[in-house]
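Welcome! Take a moment to look over the structure below, and then we will walk through it together.

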Amino acid sequence: MKKFFLTPFFAPVFFCTFWGALLFVVLVFFNSLKFEITTDGQVIDIATYTGYALMILTMLCLIKDFKGKMLSWAIYLMLGVAALLREAGIQHHLSSTDSTPFKSRFFINPDNPLSEKIIFGFVLLVIFGALLYLVIKYAKHLVVSFFKLDTLTWSTATFCFVLVFAKFADRFPSHWRHLNHLDDLPREFIDIWSLLEESSELFLPYLVIICFIQHHFLQKKALNKKF
């Protein structure tokens with residue numbers, strides 16, 4: 001099992017298997033309740049928060065694996081905490097005048113206080129700066145090692161694919177409505193895309209956990225080879 005865990009195919013197989021099983025169970029046995037299942041406080045929401053708690057705990061427990069790479073570890077932790085806060089909906093409670101301060105319309109709206117624009121603009125710059133640092137530092141390696149079937153690269157690619165898909169599923173209904181000039185969308189249509197979004201987002205923290213544990217074992221394996 002450990003040998004398969006350290007192969008490049010573990011993360012994709014893990015996601016496809018468990019996500020497919022989750023969708024099958026919901027659509028076959030809980031089809032009439034699929035919208036309620038994706039709402040706050042329900043099973044998917046609880047599993048997602050549990051995943052983020054385990055993810056942050058894993059990062060803290062494996063800090064020794066990043067000796068000499070503490071800046072990268074600190075960025076991973078910061079982004080993990082930011083993702084957890086976003087999942088909790090903190091962005092909807094920060095601005096005194098708008099629904100969320102992390103959209104372009106917030107900064108061009110003259111009714112929003114300048115002080116809030118400066119503060120939240122700085123927060124966005126820090127987050128984007130951290131992401132840019134990771135892209136510059138690791139992008140070339142990830143592209144090259146992907147075709148060499150590197151385990152961590154494939155796990156990272158799986159995480160990125162799921163993240164992009166979740167964002168696509170989140171925005172697709174509204175874009176579809178605007179594209180077709182519809183006043184509203186069928187409830188079934190909204191329920192399906194809400195399920196696809198929430199169920200795929202559920203696996204994001206667990207994929208990060210897989211990446212960190214794989215990194216730990218691969219480092220340990222490489223160290224043992226030296227001796």
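Which helix gives the most to the nonpolar patch? That is α7, with four residues. Please keep in mind that this is a predicted model, where local features need pLDDT of at least 70, side-chain atom pairs count only at pLDDT 80 or more, and totals for chains, interfaces and linings use all residues. Residues are numbered from 1 along each chain as its sequence is written, and side-chain values use heavy atoms, leaving out hydrogens and water.

**The chain as a whole**

- The chain has 10 helices and zero strands; these are DSSP runs (helices H or I with at least four residues, strands E with at least two), numbered from the N terminus.
- Along the principal axes, the C-alpha atoms fill a box of roughly 65 × 50 × 30 Å.
- Of the 227 residues, 35% count as buried (buried is under 20% relative accessible area, exposed is over 50%, and partly exposed is in between, with a 1.4 Å probe and protein chains only).
- Among contacts with a separation of 6 or more, 65% join residues 24 or more positions apart, where contact means heavy atoms within 4.5 Å.

**The nonpolar patch**

- Val 81, Leu 85, Ile 90, Leu 94, Phe 102, Ile 119, Phe 122, Val 123 and Val 126 make a nonpolar surface patch of about 690 Å².
- The elements giving two or more residues to this patch are α5 (70-87) and α7.
- A patch is made of residues with over 30% relative accessible area and no salt bridge; like charges are joined within 9 Å, and nonpolar side chains (Val, Leu, Ile, Met, Phe, Trp, Tyr) within 5 Å.
- Leu 85 sits in helix α5 and is partly exposed, with a relative accessible area of 38%.

- Asp 45 belongs to helix α4 (residues 43-61).
- Asp 45 is buried but has no salt bridge (a side-chain nitrogen of Lys or Arg within 4 Å of a carboxyl oxygen of Asp or Glu).
- The nearest side chain of opposite charge to Asp 45 is Arg 86, 9.9 Å away; Lys and Arg count as positive and Asp and Glu as negative, while His and the chain ends are not counted.
- Leaving aside residues up to four places away in sequence, Asp 45 touches Thr 39, Asp 40 and Glu 87.

- Most residues other than glycine have a negative phi.
- Leu 149 has a positive phi of about 60°, although it is not a glycine.
- Leu 149 is found in the loop between α7 (114-146) and α8 (151-179), and it is partly exposed, with a relative accessible area of 41%.

Conventions. Accessible areas come from the Shrake-Rupley method with a 1.4 Å probe; for residues, only the protein chains shown count as cover.
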